[in-house]
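Hi everyone, thanks for coming.

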Amino acid sequence: MQGIQQSGRVMYWGTGRRKSSVARVRLVPGNGTVTINGKTAEIYLQYNAGYLGATKAPLETLGLENEYDVLVNVRGGGLTGQAESIRLGVARALCELDPENRHPLKVEGYLTRDPRAKERKKYGLRKARKAPQYSKR
């Protein structure tokens, strides 16, 4: 069990990435509130149940949803990418909290980074793969 001591509290860090969004997550002993960029999770994620559930899913898997506060700084991308990057960051922080947490989180797929990202545009094409219209004559 190794965490960072700051102002008398133990914190556990985790970084999550998805598409172009990056979430820096801190777990602090508390009562289960989730704060994203200084706002509550409900307000930041626009009361979307899917996004809210994704951010809290690793904690619920381990039954720790009311024992730790989640403090998040997230940048880039849209709400879907941000919510999934937060989920990965929370899962990694929980692994730092206790190595025994790794197996149940891995089984649920919370520790797998989604490698899909936007493909770069190629020269001579309009987008990554869209070519200009072709006419034989």
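Before we start, one term: when I speak of contact, I mean heavy atoms within 4.5 Å. And please keep in mind that this is a predicted model.

Let's begin with helix α2, which runs over residues 49-62. Its 14 residues reach 20 Å from the first C-alpha to the last, close to the 20 Å expected at 1.5 Å a residue. At the start of α2, N48 brings a side-chain oxygen to within 2.9 Å of the backbone nitrogen of G50. Further along there is a kink of about 50 degrees at K56, shortly before the proline P58. After the helix comes G63, with a positive phi near 75 degrees.

Now, which residues of α2 are buried? They are L52, A54, T55, A57, P58 and L59. And what covers them? The cover includes α1 (41-44), β6 (68-75), α3 (79-97) and α4 (102-108).

Is S21 buried or exposed? With a relative accessible area of 0%, S21 counts as buried, because the cut-off for that is under 20%.

So who are its neighbours? Leaving out residues up to four places away in sequence, S21 touches G16, R75, G76, G77, G81, Q82 and S85.

Conventions
Residues numbered from 1 in each chain as written. Predicted model: local features only at pLDDT ≥ 70, side-chain atom pairs only at ≥ 80, totals over all residues. Heavy atoms only, no water. Buried < 20%, exposed > 50% of the residue type's maximum accessible area, 1.4 Å probe, protein only. Helix = DSSP H or I, 4+ residues; strand = E, 2+ residues; numbered from the N terminus. Expected span 1.5 Å × (residues − 1). Bend = angle between axes of the 7 residues up to and from the residue. Polar contact = N/O pair within 3.5 Å; in protein donor to acceptor, adjacent residues only side chain to side chain.
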